[in-house]
Amino acid sequence: MSEYVQVSTATPTKEEAVALAGSAVKARLAAGAQVIGPVTSVFWHLGEYGTGEEYKVLLTTTREQYPALEIHLLAEHPWDNPELIATPIVAGSARALEWIEGSVGPQTD
């Protein structure tokens, strides 16, 4: 499995997406994050078909940091049961992967 993952979730507003991304990056659980949107989502929820406008949040982290990031995102997310998906990063430039590695976890200054 890859040493790096991209984690995706979504929020109902841009402000909540930026706050969620910022709290994860400030806590050094993710190296960086992008907020994309608005996007239109099509889904099943509580047995009903629906659509809605959301803001996608993409975060980059290491596989080792993912469990702590998941705990953080679930605790800080505005929804009770948000979708969190971690996708392995199968390739990337050496400098980008080094940046991810050096940006998450405990920092030694």
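**Close-up views of a predicted model**

**View 1. Helices α1 and α2 cross in a right-handed manner.** Here, right-handed means that the near helix is turned clockwise from the far one by less than a right angle, and left-handed that it is turned anticlockwise. This is a predicted model, in which local features need pLDDT of at least 70 and side-chain atom pairs count only at pLDDT 80 or more, while totals for chains, interfaces and linings use all residues. Residues are numbered from 1 along each chain as its sequence is written, and side-chain values use heavy atoms, with hydrogens and water left out. Helix α1 covers residues 14-26 and helix α2 residues 66-76; their axes come within 10 Å and cross at roughly 145 degrees. The axes are lines fitted to C-alpha atoms over the stretch in contact, with angles from 0 to 180 degrees between N-to-C directions. Helices (H or I, at least four residues) and strands (E, at least two) are DSSP runs, numbered from the N terminus.

**View 2. Side by side, α1 and α2 meet through these residues.** From α1 come Leu-20, Ser-23 and Ala-24, and from α2 Leu-69, His-72, Leu-73 and Glu-76. By class, the contact has four nonpolar residues, two polar and one charged. Contact means heavy atoms within 4.5 Å. Ala, Val, Leu, Ile, Met, Phe, Trp, Tyr, Cys and Pro count as nonpolar, Asp, Glu, Lys and Arg as charged, and the others, Gly among them, as polar.

**View 3. Thr-11 sits in strand β1, residues 4-11.** Thr-11 is buried, at 0% relative accessible area (buried is under 20%, exposed over 50%, partly exposed in between; 1.4 Å probe, protein chains only). Its side chain reaches the backbone oxygen of Thr-13 at 2.9 Å. Leaving aside residues up to four places away in sequence, Thr-11 touches Glu-16, Ala-17, Leu-20, Glu-54, Tyr-55, His-77, Pro-78 and Trp-79.

**View 4. One aromatic pair turns up in a search of the whole structure.** The ring centres of Trp-44 and Tyr-49 lie 5.9 Å apart with planes at 70 degrees, so this pair is edge-to-face. Rings of Phe, Tyr and Trp (its six-membered ring) pair if their centres lie within 6.5 Å; planes under 30 degrees apart are stacked, over 60 edge-to-face, the rest tilted. Trp-44 is exposed at 66% relative accessible area, and Tyr-49 is exposed at 56%.

**View 5. Ser-2 lies in the segment before β1.** Ser-2 is buried, with 14% relative accessible area. Beyond residues up to four places away in sequence, Ser-2 touches Arg-63, Pro-88 and Ile-89.

Definitions and conventions:
Polar contact = N/O pair within 3.5 Å; in protein donor to acceptor, adjacent residues only side chain to side chain.
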